[in-house]
Amino acid sequence: MALSGLDIYKLLPKTNCRECGFPTCLAFAMQLAKKAAAVDKCPYVTEEAKAALESAGRPPVRLVSIGSGERKLDIGNETVMFRHEEKFRNPCGIGFIIDDGMADPEIKKTLRRIHELTFERVGQKLSVDLIAIRQNSDKKRFCDVVKMVSGNTACGLVLMTGDKEALQDALELTKGRKPLVYRLTAENVSSLVETVKRYRVPVVAASVTLDGLSVLTAELDKQGITEIVLDTGMKPLVEKIWDMTQIRRLALKKSARSLGYPALAVIDKTDRFEECMEAATYILKYGGIVLLKGTEIWQALSLLTLRQNIYSDPQKPLQIEPKIYPVGAVTDSSPALVTTNFSLSYYTVLSEVEASKVPAYILSVDTEGMSVLTAWAAEKFTPAQISASMKKSGLENMVAHRNLIIPGYVAVISGELEDASGWKITVGPKEASGIPSFLKNLYNKPEFVNS
Ligand code: SF4
């Protein structure tokens, strides 16, 4: 929990010697509380006070980074229980488990499949983050699979083994990739901890109880391992949600430092619907990482879409730049449609215009990211605003005609918009799905574009 200026003042020497550049210790404390000064400016702060200040400055849920380069995955650093309080910061990592018992061709096929699980939605690229290699065979086979997977993917890696020698060799093979080691327990921590420290990699700390986790993370922290992910093992859904919720709650509300880490869930189900439902639940309820086996497109698409929604800022709708977007090989006779700058509205209209194969202009009006009906109700999509946006965007210089297509839901503004803009207003379909047939019909009416 952050300290106030007065809390910090109590930790300072209170001699007002001014060597820190501030007139009093209290003034320096106030700057420290605002994070506008560094504690090392005072040469007289004791080591205990420094440790207390450092600990107070730590986020309640530690940041953990897995992987390197462009595909580095950051998880944790969360500060709230509910997304309406503030945006959740680092999206839950989604990964797939590959068992080393699988045959090589099957592993390669699974890898190809995982890499194909990339989607574009409302202008954002969605893809999975992690591939976990799980040891079920001997050390050699595990390392062969680690080598094969790491050589063929840029995704972050999770090494699922409790075998010290296998872990050592796998970490050597993946040096520089900063894989996540799954998992350290009370039973194996003493034999694995030195290896983990040597390679400076993040680890999963596992115990079926929260008390057990607290003891284990305190021990790891003492050993200098701070990038930790928590796992209470595979449990019935309700019990696992309880664990994950309690971990977040205790870290945030009770300042439980030993549980102030992101949590992980491993799902090992053969029923793909059940697996997907469970993964979705953990994405919603505080999962830092979710690992599953099923690589069906429908699973990945639904989980990635859910994650995108949960980790968007509820106070700031996803929006695009308000301007004219030409779609296809437009000419000065191409039709012009208007919508709002809410990403979902724009991209829905865009995909339907593309599907129509009729080149067209889409004018996106700045409605602060509101959808058509919401913006109209909030008076952000009024004839005056649309008309001003038409002028500002330079639409009249791009087309030779003076026709604008408005969404069917705001047919009521057509007359007023005609008066405000001087353009002929055509009411388009209510649903975007009606755009292709609407545009195709329009294209066969030359009087529309020539008027
Ligand atoms: S240097 Fe330290 S002791 Fe001196 S005024 Fe600043 S905070 Fe106080």
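A: Happy to; what follows starts with the nonpolar cores and then turns to the backbone.

Please keep in mind that this is a predicted model. The largest nonpolar core holds 71 residues, and Ala132 and Val290 have the most contacts inside it. Helix α5, spanning residues 139-150, supplies the largest share of this core, with 5 residues. Going back to Val290, and leaving aside neighbours within four places in sequence, its contacts are Cys92, Ile94, Ala265, Ile267, Ala279, Tyr282 and Ile283.

Now for the backbone. Most residues other than glycine have a negative phi, and most peptide bonds are trans. Against that background, the peptide bond from Tyr182 to Arg183 is cis, with omega near 10 degrees; Arg183 belongs to strand β8, residues 180-184.

Two loop residues have a positive phi. Arg200 has phi near 50 degrees and sits in the loop between α7 (189-199) and β9 (203-206). Arg200 counts as exposed because 11 other C-beta atoms lie within 10 Å, and the cut-off for exposed is 12 or fewer. Glu379 has phi near 60 degrees and lies in the loop between α13 (372-377) and α14 (383-393). Glu379 has 10 other C-beta atoms within 10 Å, so Glu379 is exposed too.

Notes:
Residues numbered from 1 in each chain as written. Predicted model: local features only at pLDDT ≥ 70, side-chain atom pairs only at ≥ 80, totals over all residues. Core = buried A, V, L, I, M, F, W, Y, C linked by C-beta atoms within 7 Å. Buried ≥ 20, exposed ≤ 12 C-beta atoms within 10 Å, placed from the backbone. Helix = DSSP H or I, 4+ residues; strand = E, 2+ residues; numbered from the N terminus. Contact = placed C-beta atoms within 7 Å.
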